[in-house]
Amino acid sequence: MERKKLGVPALAGLLVGPVLGSGVILLPPLALEGAGSASVAAWVVTLGIMGVFAGVTAALCLRYPGDGGLTEAVGAAFGPGAREACGWLLLGAVCFGPAAVLLTAGQYLARAFPVPGGEVGGAVLLLLLALGLLLRRVTFVGTLALGASTLIGAVLFAGSLGVLLHPASAVPLPPPSPLAFGRVLVLLFWAVIGWEILGNYTGEIENPRRTVPRAAGLAFGAVTGIYLVLVTALPRAAASGGGLPSLADLLRPLFGGAAEGLLALLGTLLCLCTYLMVVGGVARLGVSMAERGRLPRFLGTRNAQGAPAAAAATLCGVHALGLGATALGAVDVAFLVGAANGLFLLNALLVVAAGARLLPGRPSRWASGFLALCFGGLFCLADRGALLAVAAALLLSLLDLSPRRAVAPRPCGVLPGGETAEVSSGA
């Protein structure tokens with residue numbers, strides 16, 4: 001029986017939450033502080049770059065579909081060694097980053113509810129919930145993500161619209177220096193990352209050539225609309241503590257005393273959506289790598305609902321170790337984020353470099369080349385932890401971690417899997 005696959009609404013919902021991520025809560029106030037009166041202009045530039053990146057990744061997904069995602073495009077452009085390096089970079093990033101996402105969500109959860117163990121206890125609860133969801137069929141996860149993304153978008157849009165209709169006295173904002181504006185653009189560039197995971201879901205998308213462009217366009221339109229309305233309204237919100245307004249100040253005129261709790265709920269949902277999308281996508285990459293013999297074979301197994309159960313459970317186990325190490329003080333969130341950022345950036349750099357080589361048409365190649373320069377410049381800012389993580393991932397890409405079995409000689413006429421070949425008489 002054929003598994004149900006993702007349609008346009010479910011795939012768009014699966015994209016919106018992770019692309020917004022916790023950045024939609026953290027980045028607008030930081031951009032307002034750093035860019036002042038030019039903060040909206042900084043977001044327009046960032047969203048334009050995001051649109052280019054979304055278009056490049058969607059085009060590559062259609063040309064190179066499968067569980068391996070955009071690693072297949074990198075392999076087609078630069079050879080099998082680059083494909084394995086790209087896979088290990090993404091796999092390594094998802095060993096570090098989602099633990100930081102869980103801890104961020106745990107902070108929001110502990111802020112709203114009396115969770116035993118504080119933020120780490122909240123992160124563990126969300127990890128168990130996420131594991132249960134990752135073992136369900138992808139259409140179920142997509143439907144949940146669509147509901148969560150709709151709620152998030154509706155609350156942020158309604159709160160922003162309420163402020164725009166009844167603005168407070170605008171806070172005087174000085175224009176930024178060119179250097180300050182450039183630093184804000186570097187900061188906002190992190191909002192662009194996330195679209196590349198789309199490639200790992202192409203094997204579970206209904207009619208990809210129709211669904212992927214429509215879902216990517218719908219998701220980009222929703223993300224752009226939410227960001228533009230939010231960042232336009234934020235300077236016009238009344239700041240409660242003096243200084244610049246926060247996102248809670250943005251929601252308070254419409255939602256009153258519930259604004260803080262609502263913001264905690266939105267932050268938790270955004271982090272959970274990000275975790276499900278990223279870990280689910282990379283678990284499918286793990287299946288592809290196991291089938292090629294680059295990872296142990298058991299990681300290639302799926303459960304009755306078609307979910308990559310072994311790979312997803314293994315990644316969740318790695319994240320549990322990360323949470324434990326954080327609780328013991330062996331690592332901190334800054335280390336997890338820094339390592340993941342370096343790995344994600346180099347992976348994205350390989351992807352857009354592949355686009356510059358593979359996509360037809362000069363505009364697509366120029367756009368991919370421009371993104372490659374941007375990602376390369378950001379990677380130059382990576383810290384020492386990120387560089388060590390990248391070096392480890394590249395070394396692992398040279399290894400074959402799948403145990404080899406001796407293959408007995410097959411009788412003449414027997415194909416792999418035991419089928420008997422038909423021998424033509426030549427008539």
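Me: Why is Glu204 called buried?

Reply: Happy to walk through that one! In this predicted model, Glu204 has a relative accessible area of 4%. Buried means under 20%, so Glu204 belongs in that class.

Me: And what makes Arg284 and Glu204 a salt bridge?

Reply: Their closest N and O atoms are 2.3 Å apart. The cut-off is within 4 Å, so the pair qualifies. Arg284 sits in helix H11, while Glu204 lies in the loop between helix H8 (178–188) and helix H9 (208–233), 80 residues apart. Arg284 is buried too, at 4% relative accessibility.

Me: How do you know that Arg292 forms a salt bridge with Glu72?

Reply: Here the closest N and O atoms are 3.6 Å apart, and the limit is 4 Å, so this pair counts as well. It joins distant parts of the chain: Glu72 is in helix H4 (residues 71–78), and Arg292 is in the loop between helix H11 (259–291) and helix H12 (309–327).

Me: Why is Arg292 called partly exposed?

Reply: Its relative accessibility is 26%.

Me: Which residues are linked in a network of salt bridges?

Reply: Glu72 and Arg292 again, together with Arg83, Glu84 and Arg294.

Me: What makes Arg252 and Glu260 a salt bridge?

Reply: The closest N and O atoms are 3.4 Å apart, and the requirement is within 4 Å, so they pass. Arg252 is partly exposed at 29%, and Glu260 is partly exposed at 43%.

Conventions:
Residues are numbered from 1 along each chain as its sequence is written. This is a predicted model: local features need pLDDT of at least 70, side-chain atom pairs count only at pLDDT 80 or more; totals for chains, interfaces and linings use all residues. Side-chain values use heavy atoms; hydrogens and water are left out. A salt bridge is a side-chain nitrogen of Lys or Arg within 4 Å of a carboxyl oxygen of Asp or Glu. Helices (H or I, at least four residues) and strands (E, at least two) are DSSP runs, numbered from the N terminus. Buried means under 20% relative accessible area, exposed over 50%, partly exposed in between (1.4 Å probe, protein chains only).
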